[in-house]
Every structure is written in C-alpha cells, then in structure tokens.
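My notes follow in the order I took them.

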Amino acid sequence: MARRAPPAPEFDGRAFAASLPLAPGVYRMLDAAGSVLYVGKARALRNRVGSYFNAAPKPARILAMLAQVARIETTVTHSEADALLLENQLIKSLQPRYNVMLRDDKSYPFVLLTREEWPRLAFHRGPRALPGRYFGPYPSAAAVRETLDLMHKLFRLRSCEDSVFRNRSRPCLQYQIGRCSAPCVGRVEMAEYADAVRRAGLFLEGKSQQLDAELAAAMQAASDALEFEQAARLRDLIATIRKLQARHTMDGRSADLDVLGVAMQGGAACVLLLAFRGGRNLGTRAFFPRTNGEDSAGEVLAAFVSQYYAEQPPPAEIVLDGDIPERALIEQALSEHAGRKVALRTDVRGERAAHLELVRRNAQLTLAAELASSGAQQARLQALRELLDLPEPPARIECFDISHTLGEATVASCVVFDAQGPVRKQYRRYNIVVGGSAGIAPGDDYAAMHQALQRRFRPAAEGAPDAVLPDVLLIDGGAGQVAQAREVLTDAGITGVVLVGVAKGPERKPGAETLLLPDGREVQPGAASPALQLIQQVRDEAHRFAITGHRGKRQKARSSSRLEDIPGIGPRRRAALLKHFGGLQGLKAAPVDEIAKVEGVNRALAQRLWDALHGLAQAAPGEGGR
C-alpha cells in the first residue's frame with residue numbers, strides 16, 4: 001500500500017523575511033504550483049517582504065494573494081533603480097496574476113530612415129530588423145503618416161521599396177508632384193541627396209534651430225555662387241520650417257514631452273498618452289492596463305510609467321496628472337536608462353496644464369467608451385447572470401437613484417441598459433412631489449424612492465398591455481431603499497423582476513460596494529468582478545442622470561437671481577460682463593477663457609460664474625444620490 005506524502009509545511013513569511021539582507025532587490029511570490037503571483041522591488045528586501053507578514057491591516061487583494069503564497073524568491077541588485085528595471089522585465093515576461101500590467105498587443109509605429117546608398121524614408125511597424133535609424137515611437141499610425149507627408153514635401157526623399165527603386169526607368173508620380181527627387185533615375189546628385197538625408201534626421205530629432213542655421217548658410221553660399229534656383233529652393237524650405245517653428249512656439253509646444261492621464265472605474269483603468277516630438281503634436285494613444293484589483297490611480301500610473309518607458313525611449317519631460325509612488329526613484333531609473341535627464345512633473349501651468357486637462361477628459365471618455373463596447377458588455381452581462389444565478393443574461397436592466405440638495409428640487413432618475421449598453425431614449429426623470437397631499441417630507445429619500453417606483457410601475461399594475469418590465473432592477477441604496485422597491489412591486493403584483501440593492505462601501509470607495517441580493521444575502525464581489533463593474537456603470541449613469549436633472553430643476557427655480565448674487569460679482573463687474581457679451585444670453589454662451597478676459601475677472605471667478613450660470617456650482621452638502 002502506497003504511503004501518502006506528508007503535507008508540505010506552511011510557508012513562514014516572517015521567518016523568511018528575517019533571513020533576507022537589507023539590500024535592494026526584487027522578490028517573486030509563488031504559489032504551490034510554482035506560478036508567479038506577484039513581482040515587486042524593494043529598497044531593502046528584509047523590510048519590504050516583512051511588511052507583508054506583519055499585523056498591519058491590508059487590502060483584500062493583498063490578503064487573497066498572501067493566502068496562496070508557498071514560497072518567495074529574491075534577487076539582490078546593485079541599486080534600487082536596477083531593481084525597478086528588473087521588476088519591469090519580470091512583470092512583462094512572467095505576467096504575474098496580482099501585478100498591474102500594461103496590455104498592448106500592437107507594436108508601436110516608427111518613422112524609418114534606412115541606412116543604404118540611397119536611404120528610404122518610410123513607415124515601420126514591427127521588429128527593428130532593417131538597418132537604419134528609427135524615430136518614435138509614435139502614438140498612432142496617423143501621426144506617422146502625417147509626419148511622413150511633411151517630410152517628403154520638405155526633403156524629397158524616396159519612399160518606394162527597393163524592388164521598385166531598382167527597376168525604374170523614368171520618374172514616378174511622386175517626383176512629378178515634388179515629393180521625391182528621383183534618385184532612381186539619377187535626377188539628383190548623391191552628395192545633394194545625402195545632405196537631404198542628414199537634414200531630415202536633424203528635423204526628426206527636433207533640432208530645428210540647428211537645421212535652420214545650416215540651411216541659411218547653404219542658401220547664402222548658393223546665392224554667392226549665383227546658383228539662384230538652388231538658393232530659392234532653400235529659401236522656401238527655410239520659410240516652411242520657420243513657419244512650423246513659429247506655430248509651435250505660439251502653442252507652447254517647442255519641447256519633447258509626453259502628457260499622461262489616468263481614469264478608473266471599478267476594476268477598469270485607462271491611461272491616455274499625448275505625445276509631442278520636435279515641437280509637433282503626434283496625437284493620443286489609449287492603454288488599458290490590467291489592474292488585477294488595484295484601485296489606486298497613482299499605483300496604476302506608476303506601473304504604466306515604469307513598464308512603458310522601460311521599453312520605449314522616454315522624452316525629456318513627462319507630465320503626469322497626479323503624483324505617483326516613488327516618483328524620484330522612477331525618474332532616476334528612466335534617466336539612467338535613457339542616458340540623459342528625464343523629468344517627471346505634476347505641477348504645471350499654462351499650455352501644459354491645458355494639455356493635462358485635455359488628457360484627463362479624454363481618458364474618462366475613452367474608458368467610458370471601452371466599458372460600453374460590445375465585447376466587454378457581453379462579458380459583464382454573463383458575469384452578472386452567474387452572480388445572480390439567472391437562467392440567461394438579463395436583456396433589460398433598470399436603475400433608480402434620487403438626487404436633491406437638502407431636500408430642495410428632488411429628482412429621481414431611471415436609466416435603462418440592454419445587451420448593447422445604455423438605451424438613452426428610454427431614460428426617465430421623475431420630479432418628486434414634496435409636501436401637500438403627497439405627504440413626502442423634504443429630504444425623505446425612502447418616500448421619494450417609493451413615489452418614483454410607483455409612477456414607473458403603475459402601467460404594469462393597471463394591466464397596460466405594452467408595459468415593459470426589467471429583468472434586473474437596481475436600487476442605488478441600502479436595505480431601506482430596497483424595502484421600498486419590494487413593497488411597490490408586491491403591491492403592483494409584479495413578479496419575475498430580480499431586485500438588487502447597491503450599497504456604497506466604506507468612505508464610498510469604488511469596488512467596495514455591497515450588493516443586497518434577492519435571497520437575502522449580502523455580497524461584496526470586489527473591484528475586479530466584471531459583474532460589479534457593470535452594476536457600477538449602470539449605477540453611475542443613474543447618478544449622473546439624476547444629478548443633471550436636479551441641477552437643472554434647481555437652476556430653473558433660481559433663474560430669477562441676479563448676477564450680483566454670485567460671490568465676487570458686484571455692480572461694476574456685472575455691468576462690464578453684460579457690456580462685453582451684449583447681455584445675459586451672450587454671457588451664458590461664452591466659454592470660461594473668454595469670460596476671464598473681461599477686466600476685473602480672473603480665471604477662478606470666471607469658472608465660478610460659468611458654473612453658476614449653468615447650474616454646475618459646487619454641490620452643497622446633501623446633493624446627490626444616497
């Protein structure tokens with residue numbers, strides 16, 4: 001009879017950590033099967049690894065990971081910066097389950113200037129196997145093509161493949177339209193072509209001023225030699241480059257920099273990159289890192305910066321939309337990796353601040369679009385079916401929310417989602433009747449929810465043949481709001497609707513919501529749950545729709561108020577504003593930047609004024625859903 005092997009001893013993390021040196025390095029946490037759970041770096045391995053096994057409170061994600069740890073492996077490095085680089089390499093190769101990881105299955109596009117007798121300037125994507133110089137990476141293929149279009153106009157370098165170049169007997173159309181100097185048929189001297197190649201390299205490196213000085217000297221030399229056609233061509237080239245320089249200087253974009261913003265919703269994240277190279281805006285690119293339960297935007301952005309720029313050459317300046325952990329260390333590591341100074345900045349003004357605001361807004365919009373995409377929506381619906389134990393994914397989800405400000409202008413919202421996402425034509429708002437025969441006291445969210453649900457389900461209760469019922473009804477609130485919904489459905493004789501309450505977590509932390517299920521259970525799926533991500537998306541949309549309706553109703557009730565009622569706007573400023581914009585309607589239609597141009601109105605006051613005129617003033621205590 002075979003003897004059973006004794007169980008493996010439980011891993012003693014504290015004892016293991018005590019045996020480690022106080023040296024920088026990288027640690028890898030592995031489960032019993034040898035799979036890597038997490039890769040991390042440390043300034044002092046003993047202290048960092050030991051922190052996992054002390055008595056301090058830890059997030060649920062970390063506790064779940066530690067429950068699976070069977071052993072830990074470490075590698076000592078020369079410095080903490082070396083540890084950061086090694087950590088990034090291991091994360092990319094091992095793809096640990098609990099690390100934030102950059103996901104991008106596309107190779108980056110580059111501009112390629114080949115190294116051959118007659119160099120070629122072309123678009124390149126994929127392995128950099130061809131001999132030559134690679135400029136980039138660019139955030140999108142469109143940015144590369146725009147750059148190439150400009151380069152061919154300026155320097156007239158060939159773009160054709162070698163097989164075409166070697167077999168030409170006469171110039172092609174690119175020569176006819178002035179975008180190539182036709183080296184294939186000897187229309188340009190090799191020395192002249194080599195000069196064009198070198199100047200194209202200077203331009204792509206962002207050395208426009210050096211290029212300008214060189215071209216000016218060449219133009220003067222050509223003029224002195226009575227080569228007026230060549231001098232005229234150089235003059236036109238200088239004029240074009242100077243025009244570009246002037247435009248970029250006016251835009252404040254003369255430096256090489258990247259601007260990064262992050263948006264998070266539930267367990268999903270989007271990092272948006274806006275790139276400038278050589279003073280030219282190369283556009284944006286969106287990344288969707290796998291967060292693996294990490295809910296800190298700073299941690300996600302730090303992981304992105306470390307991993308992305310470990311693979312791609314960083315610019316001299318990287319502007320971040322918020323501070324990140326160990327920013328100084330990451331800055332040092334990137335500088336050493338690039339062989340020059342790389343600055344990570346968070347406190348910026350002027351044009352950079354405008355770029356940052358643009359990136360933040362686009363990151364939020366891009367993440368919302370990604371969450372609403374068909375494939376992701378189907379996966380979340382399937383996860384919700386499993387969570388609620390439904391026979392099939394719900395075809396219609398409705399969510400109710402209440403919004404008011406200290407009982408004023410109470411509005412209830414109902415949003416509708418189907419298998420493709422939001423069905424905005426079927427959204428509804430209910431102006432809640434307060435006082436009088438309705439018997440609802442201002443600020444009574446339970447009674448407001450009851451009234452809204454009664455009005456929503458009245459047609460079904462009265463037997464209307466065209467009444468549509470949801471498969472899942474989400475209530476933004478706890479047990480009290482859910483009890484109101486259950487009472488309304490029971491009184492109306494409605495069955496078959498799965499009722500779920502969505503109670504906010506501690507400190508309203510996203511991902512910590514508690515779901516009140518129909519069978520009485522209370523579950524916390526966690527931020528990484530696709531089902532909770534869908535519920536959050538629907539709940540947040542209901543909250544947005546309710547807030548918008550409430551603010552509009554409140555603003556309408558206050559529309560008789562004068563401009564002087566806005567703090568900071570007195571009779572003199574009011575007169576200046578109305579004179580500048582020709583009346584209140586013109587003032588309402590003006591953007592913040594234009595309002596700030598009025599004498600005596602700074603940017604902060606202009607923003608406050610714009611918010612007040614559009615019903616977007618800072619929410620008072622009590623505004624919003626419960």
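**Entry 1: H5 against H8**

I began with the residues that meet between these two helices. The model is predicted. On the H5 side I found Thr-147, Leu-150, Met-151, Leu-154 and Phe-155. They meet Ala-196, Arg-199, Ala-200, Phe-203 and Leu-204 in H8. I sorted this contact into 8 nonpolar residues, 1 polar and 1 charged.

Next I looked up the geometry. The axes of H5 and H8 lie 10 Å apart, and the packing angle is about 140 degrees. Parallel, antiparallel or oblique? Roughly antiparallel would need an angle over 145 degrees, so I wrote down H5 and H8 as oblique to each other. The crossing of H5 past H8 is right-handed.

Pro-109 has Arg-125 of E5 opposite.

**Entry 2: a salt bridge**

I looked up the salt bridges and found 27 in the structure. I picked one. The side chains of Arg-120 and Glu-161 meet at 3.8 Å, N to O. What does this pair tie together? Arg-120 lies in the loop between E4 and E5, while Glu-161 sits in the loop between H5 and H6 (162-165). The pair therefore ties together parts that are 41 residues apart in sequence.

**Entry 3: the E2-E1-E3 sheet**

I moved on to another open sheet. Its 3 strands run in the order E2-E1-E3, with antiparallel pairing. E2 (36-42) and E3 (71-76) are the edge strands, each pairing on one side only. Neighbouring strands here are turned by 15 degrees on average, direction ignored.

How many bridges pair E1 with E2? I found 6, in the antiparallel sense, with E1 spanning residues 25-30. Met-29 stands opposite Tyr-38 in E2.

I also checked what covers these strands. H4 (residues 80-94) lies across E1, E2 and E3. This helix runs at about 165 degrees to E2.

**Entry 4: H15 with H16**

Here I looked at another helix pair. H15 spans residues 445-461 and H16 spans residues 479-491. Their axes are 9 Å apart, at an angle of about 30 degrees. That makes H15 roughly parallel to H16. I recorded the crossing as right-handed.

Which residues make the contact? From H15 I listed Asp-445, Tyr-446, Met-449, His-450, Leu-453, Gln-454 and Phe-457. From H16 I listed Gly-480, Gln-481, Gln-484, Ala-485, Glu-487, Val-488 and Leu-489. The contact divides into 7 nonpolar, 5 polar and 2 charged residues.

**Entry 5: H11 with H12**

My last pair was H11 (residues 297-311) with H12 (residues 327-338). Their axes come within 11 Å and cross at roughly 5 degrees. This makes H11 roughly parallel to H12.

H11 brings Ala-302, Val-305, Ser-306, Tyr-309 and Ala-310 to the contact. H12 brings Ile-330, Leu-334 and His-337. I counted how the residues of this contact divide: 6 nonpolar, 2 polar and no charged.

Key
Residues numbered from 1 in each chain as written. Predicted model: local features only at pLDDT ≥ 70, side-chain atom pairs only at ≥ 80, totals over all residues. Heavy atoms only, no water. Pairing = 2+ DSSP bridges. Helix = DSSP H or I, 4+ residues; strand = E, 2+ residues; numbered from the N terminus. Axes fitted to C-alpha atoms, helices over the stretch in contact; angles between N-to-C directions. Parallel < 35°, antiparallel > 145°, perpendicular 65-115°, else oblique. Left-handed = near helix turned anticlockwise from the far one by under 90°. Contact = heavy atoms within 4.5 Å. Nonpolar A, V, L, I, M, F, W, Y, C, P; charged D, E, K, R; others polar. Salt bridge = Lys/Arg side-chain N within 4 Å of Asp/Glu carboxyl O.
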